[in-house]
Each structure stands twice: as C-alpha cells, then as structure tokens.
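Welcome! Please take a look at it before reading on.

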Amino acid sequence: ENLIGALLAIFGHLVSSIALNLQKYSHIRLAGSKDPRAYFRTKTWWSGLLLLLLGELGVFSSYAFAPLSLIVPLSAVSVVASAIIGIIFIKEKWKPKEFLRRYVLSFVGCGLAIVGTYLLVTFGPNSHEKMTAENITRHLVSWPFLLYMLVEIIVFCLLLYFYKERNANYIVIILLLVALLGSMTVVTVKAVAGMILVSIQGALQLDSPIFYIMLVCMIATAIYQATFLAQASQLYDSAQISSIGYILSTTAAISAGATFYLDFTGEDVLHICMFALGCLTAFLGVFLITRNRKKPVPFEPYISMDAMPGMQNMHDKGIAVQPDLKSSFSYGALENNDSMPEIYTPATLPIVQEQHGSKAASAPPYRVLEHSKKE
C-alpha cells in the first residue's frame, strides 16, 4: 500500500507539473491577444486543465493508501519536473560553458531531490490503519492531537496578529500561516480520501457526521491557504515562496501526521533517521533548484523622454516642453504629484528667490517661451 500511494503521488505531481507548464505555454502564446478569453479556445489550455485535474486526483487518491508523512514530502517531484521541463524547452542558445555554469545548481538540486525522494519511499513509515469513522474520531479526541491543536492555534493567532495588526509582511510569517493551515488540510484530506476508499471497498462511511466535518474543514483550510499564498505571491518572488513554503509546509504536515495518525509508532530509530535524512536532502535539492531561477527585473518608475512618441517632432518645431507637476501624472515619473507643494510649480519662483529683486516690484514669474532651433 505504501508503494501504491507513493507511485500515485509521484504520478500526480508529475502530471500536475506538466499541466501547469502547458497552461503557461498557452498564456505566453496569447500574450498579445486583445481578447482575455482567447485562451479558452485553445486546445493546449484545455489539455492542461484536464491533466491538472488528473494529477490532483492522483495526489488525492495517494493519501488513502500511504501515511501522511510519506506523501507530503513527495511534492518535491513537481519542483524537479518543472526544473527539467524548463531546461529542456529553454529557447535561449547558450555555449556549453555558460550552460553548465548557469544550470549546475539546478542539476545538483534535481539529483539531491531524487535521492531524497528515494530515501523517503524506502524508509517511510508503515502505518496501514483503515480510515473508518471510529478510528478518525478516536484520533481526533486523543490528547496528543488536542495538545498539538492548542499549540498550533496559539501560534497561528500570534502570527495573524503580527501580520494584520503590526504589518509584519515577512515571507516567513506568511508562509508559516500557510503551513499551519496546510497541515490541517492534509490531515482532513487523508481522512476524506481514506473514508471514501473504505466505502468503495464495502463498508459505508459516508453516512457518518465525521466525514462531513472533515470535508468542510478540508475546503475551508484550503481556501484560506490559497488566500495567504496569493498575498505572498504579490510581495515576494515565486522561487522564494516555492523553497521556503515547501520546507515549512512539509515540516508542519509531518508533525501533524505524527500526532494525529501516529505515523511513526513502532518505527525503529534507523528508519526514522533515514527518513529525516531523506527530508533534509529533498529540502536542500528544492532550495538549490529554486535559488537558480531568474529573478524578475524590477519595474523602472520612469519614462525616457527620448522614448516618448512625437517628442522629437515637438523639439524640432521649437516648442519647449515643461512638465506640469500639478497634474496627477507627469512626464518622467508615474507617481501621483497632487500633494506637491505650490513652491514646486514650474510657473512661479520660490519666495526666497523672489526677495532678491526690488522691494517695490517683485520679479515677474518665469514663463514658458517658444524658441527657435538655433537657440
């Protein structure tokens, strides 16, 4: 059952990675389209959507066969697959030395992630408890899980307070919120998937209230988890979110699986140490893969005067161009200048400079004058 669950998880993550890259390819091809709904008409995007559903179904089914602590770290497969797809389908032409120098970290990271995945599958926990309503209820009211939930709720409330009230928009705080919610998501996903499998095998579990409690918790935590991830993606680079999020989410999920489903009960020290080594190796591999990604070029908040269409013609006609700082936008900066002081208005002189003239008559303000090409 462990092997079936691990293979389903690996298959699901591989297919999901291919699907996301297909949809990204479809959007890139239609980047210049004026119709935002154009991607709905492409076979590539629909193929990606179907493959994505198939991949998620495979990952969901894997929780019914294998322990939670074994399935969660296997999400490193999707990172490895995305890196390999990016290297194979790269469009730029590189010399061999430049290619190796640029992608050596990605190759090393992929190798480490594959080795870590092998260790995880080989030395993963071997708990084969059936997910019946009675067993899930017993785990839900057990004192280790209640204590774990109490600590997690306190930590989550503290992090949420600093994030919302103190504006602590650090990536670790946001991704810790995601990880704590994700740990509850995977706990409920395993319960729902396991009860569905037991029902298919003949013992109906869908009439139990605990099934619907777990289903509602799964949907709610997944929605809030996606919300915090969207907020993190607006503030930080996707490579940082992938590496740090994978490490934090995997650690929290393994801790939740160990306390709720007692995944490591009866395991010897050697298997636990080798499993931990596999996790650390996969963490390092994912970090190296995401560290080598291209960082986005920051937006330059100015417009070159030479790049403005028609500016050369305006100078040729002898018209002097003076930006008006009283307007909402001006040439040279995409900033709101409504709050600029009046002394910065280009049509008048500052008061200090006007006092240099005669006391009887103040100097007239500067004006925008036309001049010839020669001048």
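The notes below go from the whole chain to single residues.

This is a predicted model, in which local features need pLDDT of at least 70 and side-chain atom pairs count only at pLDDT 80 or more, while totals for chains, interfaces and linings use all residues. Residues are numbered from 1 along each chain as its sequence is written, and side-chain values use heavy atoms, with hydrogens and water left out.

**Confidence**

- The average pLDDT of the protein chain is 78, and 72% of the residues score at least 70; pLDDT is the predictor's confidence in each residue, from 0 to 100.
- Residues 296-362 have a pLDDT below 50, and this stretch has 52 contacts in the model beyond near neighbours in sequence; a contact means heavy atoms within 4.5 Å.
- Where pLDDT is low, the predicted coordinates should not be read in detail.

**Overall build**

- The protein chain has 13 helices and 0 strands, where helices (H or I, at least four residues) and strands (E, at least two) are DSSP runs, numbered from the N terminus.
- Of the 375 residues in the protein chain, 36% are buried; buried means under 20% relative accessible area, exposed over 50%, and partly exposed in between, with a 1.4 Å probe and protein chains only.
- Among contacts between residues at least 6 apart in sequence, 76% join residues at least 24 apart.
- The protein chain has an accessible surface of about 23100 Å², and 67% of this belongs to carbon and sulfur atoms; such areas come from the Shrake-Rupley method with a 1.4 Å probe, and for residues only the protein chains shown count as cover.

- Trp143, Leu147, Leu150, Val151, Ile154, Val155, Leu158, Tyr161 and Phe162 make a nonpolar surface patch of about 890 Å².
- Patches are made of residues with over 30% relative accessible area and no salt bridge, joining like charges within 9 Å and nonpolar side chains (Val, Leu, Ile, Met, Phe, Trp, Tyr) within 5 Å.
- Ile154, one of the patch residues, belongs to helix H7 (residues 143-164) and is partly exposed because its relative accessibility is 45%.

**Aromatic pairs**

- There are 8 aromatic pairs, counted when rings of Phe, Tyr and Trp (its six-membered ring) have centres within 6.5 Å; planes under 30 degrees apart count as stacked, over 60 as edge-to-face and the rest as tilted.
- Phe211 and Tyr212 are edge-to-face because their ring centres are 5.1 Å apart and their planes stand at 85°.
- Phe211 is buried at 8% relative accessible area, while Tyr212 is partly exposed at 45%.
- Phe260 and Tyr261 also pair edge-to-face, at 4.5 Å centre to centre and 75° between the planes, and both residues are buried.
- Phe145 joins Phe260 and Tyr261 in a cluster linked by ring pairs.

**A salt bridge**

- Side chains of opposite charge can pair when their charged atoms come close.
- The count here is 1 salt bridge, meaning a side-chain nitrogen of Lys or Arg within 4 Å of a carboxyl oxygen of Asp or Glu.
- Glu129 and Arg138 form a salt bridge, with their closest N and O atoms 2.9 Å apart.
- Glu129 is partly exposed at 30% relative accessibility, and Arg138 is partly exposed at 42%.

**Around Thr290**

- Thr290 sits in helix H11 (residues 269-291) and is buried, with 4% relative accessibility.
- Leaving aside neighbours within four places in sequence, Thr290 contacts Val79, Ala239, Ser242 and Ser243.
- Thr290 and Ala239 are 51 residues apart in sequence, yet 4.9 Å apart in space, C-alpha to C-alpha.
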